[in-house]
There are 2 protein chains.
Amino acid sequence: MSQDLCKLSATEVANLTRSGELKVEDYAKALIARVQEREPIVHAWAYFNPDLILQSARALDALPAEQRGPLHGVAVGIKDVIYTKDMPTQQYSPIYKDDHPILDAAVVKTLRTMGALIFGKTHTTEFACCQKGPPTCNPHDPSRTAGGSSSGSGAAVGDFQVPLALGTQTGGSTIRPGSYNGIYALKPTWNAISREGLKIYSLTCDTVGLYSRSVDDLELLCDIFRLKDDTPPPTSPLNLSGAKFGFVKTHVWPKAQPEVVDIWEQAKSLLKAAGAEVEEVDLSAKFDNLSVWHRNILHMEGQSSFLSEYLAHPELLDPWVTKHAVNDTKTTRKEHLESLDEIAKLRPVIDEIASKYTVLITPSVTGEPPVMEEPLRFTGDASFCLMWTVLHLPVVNVPGFKGPNGLPVGLSLVAPRYHEQDLLRTTHAVSEVFAEGGWTL
Amino acid sequence: MSQDLCKLSATEVANLTRSGELKVEDYAKALIARVQEREPIVHAWAYFNPDLILQSARALDALPAEQRGPLHGVAVGIKDVIYTKDMPTQQYSPIYKDDHPILDAAVVKTLRTMGALIFGKTHTTEFACCQKGPPTCNPHDPSRTAGGSSSGSGAAVGDFQVPLALGTQTGGSTIRPGSYNGIYALKPTWNAISREGLKIYSLTCDTVGLYSRSVDDLELLCDIFRLKDDTPPPTSPLNLSGAKFGFVKTHVWPKAQPEVVDIWEQAKSLLKAAGAEVEEVDLSAKFDNLSVWHRNILHMEGQSSFLSEYLAHPELLDPWVTKHAVNDTKTTRKEHLESLDEIAKLRPVIDEIASKYTVLITPSVTGEPPVMEEPLRFTGDASFCLMWTVLHLPVVNVPGFKGPNGLPVGLSLVAPRYHEQDLLRTTHAVSEVFAEGGWTL
């Protein structure tokens, strides 16, 4: 029974807890047991306090049925750069180890209001910025990374420790762990979900990310966070016959490892077999600059974002953070502004391109999760994610395929800005097809 | 002596306290006495705790000379939407009255590291969003508004209660109170100063603002916050003979009251008399849309920003906040995105225009501070500020002129993005000329 409870989706849990068929406390105990069994291997959690969880669970059980929200009792892991009032937010930084902010981020407040059981804080790289990973391992092969910077959130959901988790993405920090852990991940349109109460790295890029093991669960979260398209899509399932997919290799395609090249063709074949039209989309040369522009923005916005920590505790910062704070790259204001302005010009252009297809499809990652080496514990390559982050388009990682080591390799579906509902409707149909890729949790 | 201490600029205070000529505690006592005398009239403070101030002052006095920062002992008022760890941040909202975030915003952390004496929390409209003002009155005429939303910060600096204060600007919330209280106000380039730990209204617009009674003090703050131009301006003073000023009426010029029309011509005459060239700049019709685009952005970004408060405490929100949270204006995603994209296109255009002049000059406000009427306590018209906020350009309010009731009316100097150093060098020269306008504190 315990094991089964851990496998439930958020939607399934809420149905059981809202009706009273399942006590939140019993559900919480099952998850706690799962975490206690797996934590010594996976190391997903920066803060995990069973007493606090059970206390919250009992408070939820005491609520009368009519006060139970759409996420009643659903366990959610919170990336440790997102502030929580009742749990420390340490940002994997010694600065905040014993002296952390006390407040609920807007996303956490919304989740609590909807009845969620805030389950604990998941590991992140320092300030969701650094290359050096936390102790988290990939649950499907502990020698490999779970990705970053939302390492713990991706691993915890992929390992059935919680059905939902929050991440953030500034480069590829939501989508990459989504792929590496073999789960669904949604990076919504920039600023569609409030980032109030999250550590800031880059205002232009930082985005709250969502993890789940089912498309229904992402839809549930989008509904809660009011991610509504101007024109809601039909409620009927998408018929792939008649759908048209734009496959976008992008300028970083040379980084694709053989397994990505393989699944690229597999995905096309599967969609065609399902009756869909498929075509490769060549973006104009302007888009080739996005990686450089993204880097300029991160470095210059990181300069102001990390200034206060640098001034107060220079000795406690990871060298990568310090590089930002002191503008080690000597990026100029002019380069920063040109990057912002040129990217801004491309946003309506890519919206227009994306709107010609049911969705765009692009790699989520360069390959399977890489083997970690100490002391860097590198969390993998974000190259395929950066451009969509800075272009502000919503992206879903769809699991389904696997690489030569049997580990998951996802593909990303991309829609024009503020088309999350349509994107998820398409994700339902595509995920059924991609399931033939052989990856199962 | 007490009175004299209150009149010191931040630069003067720091010189005295760093050398040990002035004890921070004595300085703090003088300011506390001033606040206690004036608070019953001005109502600048949302939180003011003399014991806490004196405790901090004594801790600063105990620091050895070599550890004293550039703001050693300088009193700074903090707008009550900017989080402070040791003082409540209530945001003029009943939601946060007894249950407020506990952390230092990045700006506060930086100020503390530089030795500032965090003096108290200054009044704001609810979430720095609403039209309804707090109890703050204009120190120069208590029947009139001190402006908003940074009401208390503007009033406290204008009333010699503190030499420096922090505000924020999403529409005209820094520049307008600057004008109404007859002081200097700088709204820097968007995101040049970290907004970590500030309540979010609109990510695209919200900007930390700075108040002082001297240009030197703004330069000191810019230095601390590392607002460096790519090419720092000469250290020598600007010679107005040879300078060229672009006077921009903008599409909201019809809102200018007679006193603004008057000082517009006065300012031109004074600058010409000082040897400067002066010309009117007509912006293209595209810029006429900025007010509407700004409104669309605020409403749609306010929707996600205020969602969590709306879900948790709908009954405790000002109706203006609720209008945002429920998208009462029925603004579409399409309108929101078009607004973002069209404004983004204009940013390099206005940078280019501004770079042809020493600075641009534009009204800060529509006129003198209006008389307040209960219960709205309207904080004045922000029309002249909105477009610069959303275009992200740095703006300084320069006091100098006065209206028919003897109350201050400022003008704004505007520079291309990330040209704060050059802007302040120009402000020095211009403020000497504008001083002939007759306004003195």
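Domain bounds in this tour come from an automatic or database domain assignment. The structure is a predicted model, in which local features need pLDDT of at least 70, side-chain atom pairs count only at pLDDT 80 or more, and totals for chains, interfaces and linings use all residues. Residues are numbered from 1 along each chain as its sequence is written, chains are lettered from A in the order in which they are written, and side-chain values use heavy atoms, with hydrogens and water left out.

Begin by selecting residues 2-224 of chain A as domain 1 and residues 244-437 as domain 2; the centres of these two domains, taken over C-alpha atoms, are separated by 22 Å. Where they are in contact (heavy atoms within 4.5 Å), domain 1 of chain A contributes 59 residues and domain 2 of chain A contributes 61 residues.

Next, select A:Q131, A:R144 and A:Y201, which supply 14% of the area that domain 1 of chain A buries against domain 2 of chain A, more than any other three residues. Buried area is the accessible area (1.4 Å probe) that two parts lose on being put together, summed over both, and between these domains it is about 4,900 Å², with carbon and sulfur atoms giving 62%.

Now show the side chains of A:E309 and A:K199, which meet in a salt bridge at 2.6 Å, N to O; the term means a side-chain nitrogen of Lys or Arg within 4 Å of a carboxyl oxygen of Asp or Glu. The count between domain 1 of chain A and domain 2 of chain A is one salt bridge.
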